[in-house]
Every structure is written in structure tokens, then in C-alpha cells.
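Okay, thanks for coming, everyone.

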Amino acid sequence: MNETHVNQFLKRRPTVVEALALAEVADTQKLFHLATELRDEGHSNLISYSRKIFIPLTKLCRDFCHYCTFAEAPEKQHRNFMTPDDVLELVKQGEASGCREALFTLGDKPELRYRVAREELASLGHKTTLSYLAEIAELVVSESKLLPHINAGTMSAEDLRKLREVSVSQGLMLESSSKRLCKKGGPHHGSQDKLPKIRLETIRLAGVEKIPFTSGILIGIGETRLERIESLLDLRKLNEQHGHLQEIIIQNFRAKAGTQMAYAQEPNLDELVWTIAVARIIFGPKINLQAPPNLSAGNLTALINAGINDWGGVSPVTPDHVNPEAPWPEILELSRATSQCVGRSGARKFLTERLAIYPDYAVKGDTWLDETLRTKVLHLIDGEGFARTDSWAPGKGILPPEIVRNPWRIQKASVNTKIEEIRANVSTDVEWSEQEIEQLLCSRGDDFEKVCIAANDLRKQTNGEVVTYAVNRNINYTNICTFRCGFCAFSKGKMSENLRGKPYDLKLEEIVRRTKEAWKRGATEVCLQGGIHPNYTGKTYLDICKEIKASVPEMHIHAFSPLEVWQGAKTLGLTVKEFLLLLRDAGLDTLPGTAAEVLDDEVRAIICPDKLSTEQWLSVMQDAHEVGFRTTATLMYGHVERPRHVARHFLRLRELQGQTCGFTEFVPLPFVHMETPLFLKGKARKGPTFRESVLVHAVARLVLHPCFTNIQTSWVKMGPEGVKACLNAGVNDLGGTLMDESITRAAGAIHGQEMPPERMVALIKSVNRIPQQRTTLYTTPVEKKFIKSYGFLGVQQDRLVQAI
């Protein structure tokens, strides 16, 4: 096979014949180059791992492999099975050390060989090891935050199905599909569960049962290179049929004293990295390829450079009971070693934590998880399916974490050429692709920092050092709503469940009173929104505008979401455009671009199925712009959407803005989860992570440029420290002082009802920016309004004006 032929595998996976021919490729460096390029295509700069505890429920096994020290003979004087208390004590230690995976590894059906095993199981109330395992795994699920991964040997479909109910993933190493190794003198002779046919059938059945499954091969036990390829092809065939192999492990044999293979030669590093590279080429870019780091101490760079993207489970608590002679690396050391590697794109590798279930399977829990485990997993993952590694969430009174960049780099961040190419789109204003935006939204490590720096630089070019804010008042006139948006804890109605507060409906007189009060306090805008009250018609919205303008004619009315406009028009039998013209005549000045949520119907079908569709929302906004209204645009993220949905949202906003130029700003709104029905029913994540929250602002600045010049952050949701981070990632506006805020607080946020100008100014100055009060349309308010906005707090106005 020549070099040109090998290069074809960048575009497609090799056929069986081509894969077998890889055994004869002489240029191993070409294989490594191809493997790492494929790996980087599928996994960018990320190398993942799982923080775990190792639970050897029993070391009894009916098989005796010639290289294994895990299996032990039974002891009559000691317990041969861990008790529930033993397991829970280990689980407790694991939780204290931040572990999320409980790895159950045990011998294969020992009760079929040993009477003592049958007797001990009977004393525990079980006939089989697998039955006892199911009980213990269920105990771990119910009593801890850990997620079981189960390696329990060969099993029937029924066994696999039962364990699926109490685990998020399972595994069985194929080791080798060579029958030759099972013959007399071979390492698997006498071990009936090592027969390739039996092991492959278990792996196949796991696919049928939709179980995220781990498998792989053991090299150096007497197999040839060709037999390794044949084994990998057998696994690939099963994965092509069922898509369930979340991980392929390439494990190198380690000789152990006291075994029949104690003096067998171990495979050298060249054999290991050759096999890793060939496995990557055979399976392609997306597969998760792992090599245990504790079995290759001192050679971790070589493993990464051969094409792995995962280190497997690493335990800060328990030893590797299968390879006790090989201690786990410290996670900090693993992070350092990982960061020393640079991929084909030039990006330095970044260690990222995952769960026992891999990201692509975790985000598809409806397919790959038992319904009793879906909520638990959902609450432990971020938008890509990796592990949440801190307790921060929007609206909570928790200081945001320091976003992990690359703590090991010597000087400046590495340059990811793909990220650099994407960033270049900003200056050339070429068309963005969904994939490019998605890649930016998934940035971690050095890539994250580069994206934020690029967004901040663009903000400087576009807005300078000025940070704007408005003095306004929120008036949410009713929380009674006929719609059932799963993310909303504000609306109340007959079917409201587990929600705080009582239904209310403000009288028109109260709306006007609050408007007058806001005007006296220096506000230039009232922002009015509410639920879709069953008794409201379009006339209700028209009357609100008329009464406000009659009482406070100079107050800017920023009101009514596209959903309210749609409903108002419908009740009067008008087109949306006709109703908008009536609202304009009644005194409405601008519209908030709320109710957008995520502009993708795949997401909307889950979080707000009875709300406006994506097309309808965009249609209302287009009509509003065409009749002369300016509007804002929003995104509500961090619940069920994935990065690709956010990318589509950006592209749809950019397209409409290119047509109408009607949007004044873009406002990302992180999902505040605590009291929302969607979260309480176990259907949503715990909001975005802090990294995701900052990234959305930064990517919005880059992708929406030059169509949107103003990127706003929500201080109510992000909190003061979160605001500071966003101001260094492309944000130039902090929205309004609000005076009253009830929607986010109803969802559980604690950052208050108001951010008075004094605090706004102090916050902006804390990051060395220039505060500037603005109107809704980004003009400068008249001086008397500016002074009044401060005078409310009783501070001497002349001193404040001078200080500002």
C-alpha cells in the first residue's frame, strides 16, 4: 500500500482488504501522521478521562487466564464478595475526591465453579453474581452521585438488559478474535468465556439493547499484527450495525509474577503505538480511542501522537486491581503530560473530564439510557456531554470558577490553525458555516482563551472602551399564562406545578403608577412583558401604550414580545403587520426580542411546543422592522440545546439583520434552572457552565459582526463577577437597571431586583472601562434625567456627576 493510497483514509475508512493491508505498511510515521490528523478532526484539542473508583465486587472467576492476577481462588476464612457497606464506604471516599464513575470489575460467573461462591451469594440473598451486582449498582445510584460502569464478563441479553437499568455503560474486552489463542498452549486455553464467538455475541447483544459499550483488544499475548487488525475489524462491524461502541481500548499486556506468562515478553512501545494508529485509521475520526496511561508510564506523549483521544478511568482513591503493579498517574501530572502534546492543527492538547458514559451518548439519553438514569446524567453534563466540574449556575450566589485554560504552558497559548482560520472570517466578512460556529462554541483550553481575546479585540475596534447601560424599569403586568413553556417559572395557571408565588394581574392604573414612579427616578424606558393572559386581547396592549403615553408622554415604551404581538393580532383578527401599525400609533416605541429562546424547532418542540415556531418568530421581527420598529434579539441557552442549535440561532439572526438592520443589540440569556418545570421534571441541564456562558457572548461578538454592534450581558443572571468576565469577552453593554425584576427571580436567581447607576458605574470601572448611560436606542439621555437617576439614592448629585 503506497502513500497516496493511505492518504485516501482521511476522507473514508479503509475497506476490510485495505485495513488488512495496513499490516504491511512500512512507513509507520505516515500511519502516525494520518492517525493524529483523523483524531484531531474528530476531537480537536481534547483528551478526555473519567475520574473513577474501582470496585472489585468479587475476584472469584470461573476462568483462569494465563496472564491474570485479578482472579483469585476462594478463601473459606474470608469474604469473597464485597458487602454493601464495603462498597458504600468506597463510594463515600470517591465522592469526597470528586469521582463520578463507579467502575465494577469482577470475575465471570464464579458460582458456576465454586460452591463457596454459591453459599456466600445465598447469604447475601442472591443466586447469581449478576443478580447481586445489580442490587449493589442500584444502591450506588440511589445513595450517591456516582454513575456505575459495569465490566461483568459474557452475558445473555436478559443479563445485559437488567444491568442497563442500573448503569450508564458496560464493557467487555474482546482481547482477540483469534481462535488460535484458545488452543492448548495459548493464553486463553481452558477459559471458556474467552472464546471469540461468545465474547463477540455479548458485544453484539449490547448493541441490540442500546447499551453504551466499551471494548478493545489486548496486545502482546501471542497474536500477530494481522490478527489485531482482524479483531478490530470484527468490532468495527458490530459498531457499524448498532453504533454502541463508545470506546475502543488498546491495552498492552504486562507480565505478572505468579502467572503462567510471568516470563513472556511484553510488547514494546513501537508495537503499542503502531496498533493505536492502525485502530484510529480503521475506525475513523469520531471513535473514542483509549490506552491506559498507567501501563505506559513515561511514554504518554507517544500514545497521544499515535492517535488516542482518551485516557480512560483514572482513580485518585483506588488502585488498578487488574494491574496492581502499575499505579495511576496523578491527575495533575496527567494534565501536564497531555498539555505537552500539540496536534496537527497546532493546538496544544487539553485534558477534559467526562463521565463513564461518553459525551455523544450522554446527550442522547433518550436512546442510550434507562429512563431512571437520564435525569441524573443530564444534571452532571454540559452542553457537549462532558462532565460539569463546578457548582456554578446562572442566578446562583456562587462565585464563578476560574476558567481552566492551559496551566502548563510555558509562555503564550498555542495556535490552533483551524481556530485562527475561523477567526479570520471576522475581518473578511465571509459566510459562516454552522460547523465553524459550533467549533468556536466548543472551545476549551488555549482555544477558549484565543476566542475570548479575539472577541475582546473586536469589541475594542467596534465600541472602544465605553460600556453602556440604561436606566429603566421592568413591569411584568401578569404572570398568568395559557402557554406551558418548560423553562419558565414565572407564569402561573391552573396547571402550574411546584412553582413559587401567586397569580397576579396588574390593573392599568398600577402600570401607569409604576411608570410615573420610574420617570421620577430618572428612568428613560419602561420594559413591559407578561404572560399570555386568557382574557387579554390586542386591545389590552393598545390600552397599556395609550395610558402610559397619556400620563408620561416622554417615557420610551419597550414592550411586548413577538408572542404577545402574534396573540394580540390574532384576537383582533388582524395581520401581525396591521397590529404593529396600531401599536405604533398607540405609542409603542420598540420591541424586546424575547420569546426567541433557541431559534431551532428541534429544541422548541421540547421546551416550548405550543409557542411560536422559529419561522413565526422571525416573521414577527421582520414585520416589526419593516414598519419602522427597532427591536432587540435574545437567546436563552443552557437547557437541552447543543452547540449546533446555538450556531443555527446565530445564523438565522444574522440573516434577518442583513435584510432589515432592525436589531439594536443581541442579549444572551443563560437558563436559570432552579425553579423551572423543565428542570424539576428532570428534562434539562443545570443551566450553562460558566465557560459556556462566557463563550456564547464571545462567539456572538465574532459571528454577528458587523451586523450587530452591541452585545449585552444580563447582570441578573451572570452576577457581578460573571459580568466582568463577559466584559473581557466581547460585551459592551449591561442592559438596564431594571428597578423591578421578577421573571429571573421566579426561576431562582438571587442577584436582586435592581442594579442602580452607582453600582453599574462601579462595576464597569472595576474592569477599567468607561461607563456611559444610554437610552433604549443608544443615544445619550438628557442631563436632568441623568442626574435624577442618581439623586434617588440621596447621594449629592454634583459630586456624582463630577466623579463620572
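**Starting inside a helix**

Let's begin with I548, which sits in helix α20, residues 538-551. Helices here are DSSP runs of H or I with at least four residues, strands are runs of E with at least two, and both are numbered from the N terminus. Before I go further, this is a predicted model, where local features need pLDDT of at least 70 and side-chain atom pairs count only at pLDDT 80 or more, while totals for chains, interfaces and linings use all residues. Numbering runs from 1 along each chain as its sequence is written, and side-chain values use heavy atoms, with hydrogens and water left out.

Back to I548: buried or exposed? It's buried, at a relative accessible area of 1%. Buried means under 20% relative accessible area, exposed means over 50%, and partly exposed is in between, with a 1.4 Å probe and protein chains only. Skipping neighbours within four places in sequence, I548 is in contact with I511, V512, T515, V526, L528, P553 and I557. Contact means heavy atoms within 4.5 Å. Also, I548 and E509 are 39 residues apart along the chain, and their C-alpha atoms are separated by 9.5 Å.

**Zooming out**

Now the whole chain. How many helices and strands does it have? There are 32 helices and 18 strands. The radius of gyration is 30 Å, close to the 28 Å that the globule rule gives for 804 residues, so the chain is as compact as a globular protein of that length. That radius is taken over C-alpha atoms, and the rule is 2.2 Å times the number of residues to the power 0.38. Along its principal axes, the C-alpha trace spans about 100 × 60 × 50 Å.

Of those 804 residues, 62% count as buried. If you take contacts with a separation of 6 or more, residues 24 or more positions apart account for 77% of them.

**Two strands to look at**

Take β9, residues 350-354, where 5 of its 5 residues are buried. In general, side chains in a regular strand alternate between the two faces of the sheet. On β9, F350, T352 and R354 are on one side, L351 and E353 are on the other, and all are buried. So which strand does β9 pair with? That's β1, residues 46-55, in the parallel sense over 5 bridges. Pairing needs at least two bridges found by DSSP. As for the partners, I47 bridges to L351 in β9.

Then there's β10, residues 466-470, with 4 of its 5 residues buried. β10 pairs in the parallel sense with β18, residues 770-774, over 5 bridges, and V466 has I770 as its partner there.

**Some loops worth a click**

G186 is in the loop between β4 (169-171) and α8 (196-208), and it's buried at 7% relative accessible area. Leaving out neighbours within four places, G186 is in contact with H66 and L181.

H379 is in the loop between α15 (371-378) and α16 (417-428). H379 counts as buried at 16% relative accessibility. Not counting residues up to four places away, H379 touches R388, F679, G682, A684 and K686.

As a rule, most residues other than glycine have a negative phi, and most peptide bonds are trans. Now look at F560, with phi near 75 degrees. F560 lies in the loop between β13 (556-559) and α21 (562-572), and is buried at 1% relative accessible area. E597 has a positive phi too, near 50 degrees. You'll find E597 in the loop between β14 (590-591) and α23 (601-607), buried at 7%.

And which peptide bond is cis? The one from H705 to P706, with omega near 0 degrees. P706 is in the loop between α27 (690-704) and α28 (715-727).
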